[in-house]
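The tour goes from one selection to the next.

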Amino acid sequence: MNRREFFIKVWNTLISIWKKWIRPILLIGIIFLFVKFIFKAIVENGSERVVVIVAFVIGLVILTAHLMKIFFNSFTKKLNSILPESIKFWLRILSKILNYISPVIFGIIIYHFWNENSIKTVIILSLLLVYKIGEIIKEEKLATT
């Protein structure tokens, strides 16, 4: 056995120890500490409680968005199979128009809330605006290639 074979054997042994013992114990410990933190944060008053509530709300919003996406994808597929081709053509045109108008509408809404000094809403809508513009740019790059 040369050095290379010895190194490979030791490495494989370390990987198997990591996969069979260390990683599961580490994950169980992390889950335990996480549940303990969540329980203490909810029971006691403090900034941790706010963080946990915000994290749960964000998680629920993301989950709701994914479920709505699944529902609307299946709904639009069924609707597209029923509609005639001429209506599909006009729907595609309307979709493209709305894709280009939506950043302008977001900008108008941001300006309105900026005048009312609602900073939280401005930040959220600005993030949505940046996301929407990035999505349009990505679609245009795919369309040109």
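Select Leu60 to begin: this residue is exposed, with a relative accessible area of 54%. (Buried means under 20% relative accessible area, exposed over 50% and partly exposed in between, with a 1.4 Å probe and protein chains only.) Leu60 is found in helix 2; helices here are DSSP runs of H or I with at least four residues, numbered from the N terminus. Draw a distance from the C-alpha of Leu60 to that of Ser126: the two are 66 residues apart along the chain and separated by 21 Å.

A note on what is loaded: this is a predicted model, in which local features need pLDDT of at least 70 and side-chain atom pairs count only at pLDDT 80 or more, while totals for chains, interfaces and linings use all residues. Residues are numbered from 1 along each chain as its sequence is written, and side-chain values use heavy atoms, with hydrogens and water left out.

Next, select Leu129, in helix 4. Leu129 counts as buried because its relative accessible area is 17%. Show its surroundings: apart from neighbours within four places in sequence, Leu129 is in contact (heavy atoms within 4.5 Å) with Pro103, Phe106 and Ile110.

Now turn to the charged side chains. Side chains of opposite charge can pair when their charged atoms come close. How many salt bridges does the structure hold? It holds 1, where a salt bridge is a side-chain nitrogen of Lys or Arg within 4 Å of a carboxyl oxygen of Asp or Glu. Select Glu85 and Arg92 to see this salt bridge, at 3.6 Å from N to O. Glu85 is exposed, at 52% relative accessibility, and Arg92 is partly exposed, at 44%.

Lys88 is buried yet has no salt bridge; the nearest side chain of opposite charge is that of Glu85, 4.2 Å away. (Lys and Arg count as positive, Asp and Glu as negative; His and the chain ends are not counted.) Leaving out residues up to four places away in sequence, Lys88 touches Asn80 and Leu83.

A pocket is an open set of points on a 1 Å grid over the protein atoms alone, where a 1.4 Å probe fits, with protein on both sides within 12 Å along at least five of seven lines; lining residues have an atom within 4 Å of a point. The largest pocket has a volume of about 730 Å³, a volume being the space filled by probe spheres set on the points. Select Phe72, Asn73, Thr76, Ser95 and Lys132, the closest to its centre of the 14 lining residues. Helix 2 (47-82), helix 3 and helix 4 (119-144) each give two or more residues to this lining, and helix 3 has the largest share, 6 residues.

Finally, select Ile123, Ile124, Leu127, Leu128 and Tyr131, which line the second largest pocket. About 180 Å³ of space lies there.
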